[in-house]
Amino acid sequence: TGVQTCALPISNISYWNGIAATVTGSQADPFGGTSAALVTADGATSNHSILSVAYTFPLGVTFTESAYFKAGTNNFIQLRTQGAIGGVYTNFNISTGVIGDTTALASSITSVGNGWYRCSITFTPTAAANSGFQIYVVTSNTAVAAESNTLTTSYYIFGAQLEIGSTVNTYVPTTSAAVYGTPKLSLSGVADRKSTRLNSSH
């Protein structure tokens, strides 16, 4: 399916793979619903994350991925692309709203109330590849990429979205299936908006 933006239902486990972590759906989300999920690290010596479905990324096109987060028993998360497209990352303190170490082109964190923050990273793939993105439970805002630890702590997540361009746009609500569209889509840095598409392999 050709798309220019894609919103993924966090609470639908079929769109995510827990890696040394469990995903519990039907949690309170920032907009009064129950479409958020709780991600809990399992305590093994490992990196603890959730991995999205894969997409076919073209070379040389800028993308922005974002999601809403709230601290559970852990205050720090890492938003990262997989290594096949560069492995760029940013650490976020989702308790205080502070950006930590980063290799992304740009990062942002915005409070949306009730302890929730919308976090984003902007990146340009270093290779054309079929790849996804991961969100890690980490120990601090200076955590290395894909940090290994023994945490058993958790964070809440809602509203993951991937889009072309360098601007975080309005979230496309979805609770059961991926939604594709072009809601107020920024195409900053994209030379040919008609010929550029992002394809989901899910």
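Mentor: A term before we start: two strands pair if DSSP finds at least two bridges between them. Keep in mind that this is a predicted model.

Trainee: Okay. How many bridges join β8 to β13, and which way do they run?
Mentor: Eight bridges join β8 to β13, and the two run antiparallel.

Trainee: What about β12 and β13?
Mentor: Strand β12 (residues 106-113) pairs with β13 over seven bridges, in the antiparallel sense. G113 has W116 in β13 as its bridge partner. The β12 and β13 hairpin has two residues between the strands, and N114 takes a positive phi near 60 degrees there.

Trainee: Is β13 covered or open?
Mentor: β13 is mostly covered, with eight of its eight residues buried. That holds for both faces: W116, R118, S120 and T122 are buried on one side, and Y117, C119, I121 and F123 on the other.

Trainee: Now β10. How many of its residues are buried?
Mentor: Five of the five residues of β10 (residues 89-93) are buried, so the strand is largely enclosed by the rest of the structure. Y89, N91 and N93 point one way, while T90 and F92 point the other.

Trainee: Which strands does β10 pair with?
Mentor: β9 is one, joined to β10 by five bridges and running antiparallel. There, R80 has Y89 as its bridge partner. Strand β11 (residues 98-102) is also antiparallel to β10, with three bridges. F92 stands opposite I99 in β11. β10 and β11 form a hairpin with four residues between them, and G97 in the turn has a positive phi of about 75 degrees.

Trainee: Switching topic. What's in the largest nonpolar core?
Mentor: That core has 36 residues. Those with the most contacts inside it are F69, F92, F123, I135, Y155 and I157. Elements giving two or more residues to the core include β8 (63-71), β13 (116-123) and β16 (154-164). β16 gives the largest share, five residues.

Trainee: Which residues does F69 touch?
Mentor: Leaving aside neighbours within four places in sequence, its contacts include I77, I94, W116, I135, Y155 and I157. There is also a second, separate core of five residues, with Y68, W116, F158 and Y171 among them.

Trainee: Where's D29?
Mentor: D29 sits in the loop between β4 (21-27) and β5 (36-41).

Trainee: What about a salt bridge?
Mentor: D29 has none, although it is buried. K70, the nearest side chain of opposite charge, is 10 Å away.

Trainee: So which backbone nitrogens lie by its side chain?
Mentor: The backbone nitrogen of G33 lies 3.0 Å from a polar atom of the D29 side chain. For the backbone nitrogen of S35, the distance is 3.1 Å. Among the residues D29 touches are W116 and F158.

Trainee: Why does A20 count as buried, but A146 as partly exposed?
Mentor: The cut-off for buried is under 20% relative accessible area. A20 is at 19%, so it counts as buried. A146 is at 22%, so it counts as partly exposed.

Conventions. Residues numbered from 1 in each chain as written. Predicted model: local features only at pLDDT ≥ 70, side-chain atom pairs only at ≥ 80, totals over all residues. Heavy atoms only, no water. Buried < 20%, exposed > 50% of the residue type's maximum accessible area, 1.4 Å probe, protein only. Lys, Arg positive; Asp, Glu negative; His and termini not counted. Salt bridge = Lys/Arg side-chain N within 4 Å of Asp/Glu carboxyl O. Polar contact = N/O pair within 3.5 Å; in protein donor to acceptor, adjacent residues only side chain to side chain. Contact = heavy atoms within 4.5 Å. Core = buried A, V, L, I, M, F, W, Y, C linked by side-chain atoms within 4.5 Å.
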